[in-house]
Amino acid sequence: EFRRVLFRSYEHSAMLSRIKKEKTKLKITNVDLAEMTGIPLGTLNKILSGDSRDPQISSVIKIAKALG
């Protein structure tokens, strides 16, 4: 369900908001998510902080799969 919702609104700010809400709900830290996805922590931090305005779709897919 989370994946469907995430991809339905691939607007950057909406995507970040949904990821952060899901991380909070699941009590997952950025370190946890980096380990779950294989995305380097620095890259993940840039994606989640909004510094990476156009993250690779492969990274978004990995995040969505890890969160459900």
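**A walk around helix α2**

The face of α2 turned away from its buried side carries the exposed residues Lys21, Thr24 and Lys25, where exposed means over 50% relative accessible area and buried under 20% (1.4 Å probe, protein chains only). This is a predicted model, in which local features need pLDDT of at least 70, side-chain atom pairs count only at pLDDT 80 or more, and totals for chains, interfaces and linings use all residues. Residues are numbered from 1 along each chain as its sequence is written, and side-chain values use heavy atoms, leaving out hydrogens and water.

Now turn to the other side of the helix. His12, Met15, Leu16, Ile19, Glu22 and Lys23 are the buried residues of α2. They sit on the same side of α2 because they cover an arc of only 135° around the axis, taken from the directions from the helix axis to the C-beta atoms.

Leaving aside residues up to four places away in sequence, Lys23 touches Ile28, Thr29, Asn30, Leu33, Leu48 and Leu67, with contact meaning heavy atoms within 4.5 Å.

Just after α2, Lys27 takes a positive phi of about 55°. Stepping back, the protein chain has five helices and zero strands, and 37% of its 68 residues count as buried.

Notes: Helix = DSSP H or I, 4+ residues; strand = E, 2+ residues; numbered from the N terminus.
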